[in-house]
Amino acid sequence: MFPKLVHELKERKLTIGSVESLTAGLFCSKLAEIPGASAVLRGGLVTYASELKTVLANVDKNLIETKGVVSEEVAKAMAVGGKEKLNVDICVSFTGNAGPTVLDNKKVGEVYMGIAFDDKINVFHHIFIGDRNEIRNFAVQFACEKILQMLK
């Protein structure tokens, strides 16, 4: 699926980047595995700590405090902030709880993924079942599918 994404982005002359909390750079890493990814992948911000979401991706600190780091609003702000900071056509963001326990009343496996493309921002909410790494892998695969759908 990632080879197809790189191909589609190249065909459309689009760039992509990410702001990753839950996935800690996994999305960028998966893209970088594909030969030719450097034509489309500009980079990513790993904002595992909440304060880095503010410092690196311009997420409003009050938004994090009021809505919680695992929220639709924060995923949206991460994608928008990353799109601007990375100067990309598409930015995807990931925030969620990979476990092992409930975090801020969010179930294990609860993930929000934001995708900023053109003037649109889509946020997807999903609860994935599995261990930490399965949840993280499911999230990046899900986002890849959604980006491909948006490009059609």
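Is R12 buried, exposed or partly exposed? With a relative accessible area of 38%, R12 counts as partly exposed, where buried means under 20% relative accessible area, exposed over 50% and partly exposed in between, with a 1.4 Å probe and protein chains only. Before going further, note that this is a predicted model, in which local features need pLDDT of at least 70 and side-chain atom pairs count only at pLDDT 80 or more, while totals for chains, interfaces and linings use all residues. Residues are numbered from 1 along each chain as its sequence is written, and side-chain values use heavy atoms, with hydrogens and water left out.

**Stop one: helix α1**

The structure holds one salt bridge. Both E8 and R12 lie in helix α1 (residues 2-12), four residues apart, about one turn of the helix; helices (H or I, at least four residues) and strands (E, at least two) are DSSP runs, numbered from the N terminus. E8, at 19% relative accessibility, counts as buried.

**Stop two: E20**

Select E20 next, in strand β1 (residues 16-20). E20 is buried but has no salt bridge, and R136, the nearest side chain of opposite charge, is 6.6 Å away; for charge, Lys and Arg count as positive and Asp and Glu as negative, while His and the chain ends are not counted. What the side chain of E20 does make is a polar contact with the side chain of T23, at 2.6 Å. Such a contact is a pair of N or O atoms within 3.5 Å; within protein, one must be able to donate a hydrogen and the other to accept it, and residues adjacent in sequence count only if both atoms are side-chain atoms. Beyond four places in sequence, E20 touches several residues, including L26, F27, Y48 and F94, where contact means heavy atoms within 4.5 Å.

**Stop three: backbone features**

Most residues other than glycine have a negative phi, and most peptide bonds are trans. Select A24, in the loop between β1 and α2 (26-32), where phi is near 50 degrees, a positive value in a residue other than glycine; A24 is partly exposed, at 37% relative accessibility. Then move to N87, in the loop between α5 (72-86) and β3, which has a positive phi of about 55 degrees although it is not a glycine. N87 is exposed, with a relative accessible area of 59%. Finally, display the peptide bond from G99 to P100, which is cis, with omega near 20 degrees; P100 is found in the loop between β3 and β4 (110-117).

**Stop four: A116**

Where does A116 lie? Its place is in strand β4, and A116 is buried, with a relative accessible area of 2%. Leaving aside neighbours within four places in sequence, A116 is in contact with residues among them A79, V80, D89 and I121.

Methods: Salt bridge = Lys/Arg side-chain N within 4 Å of Asp/Glu carboxyl O.
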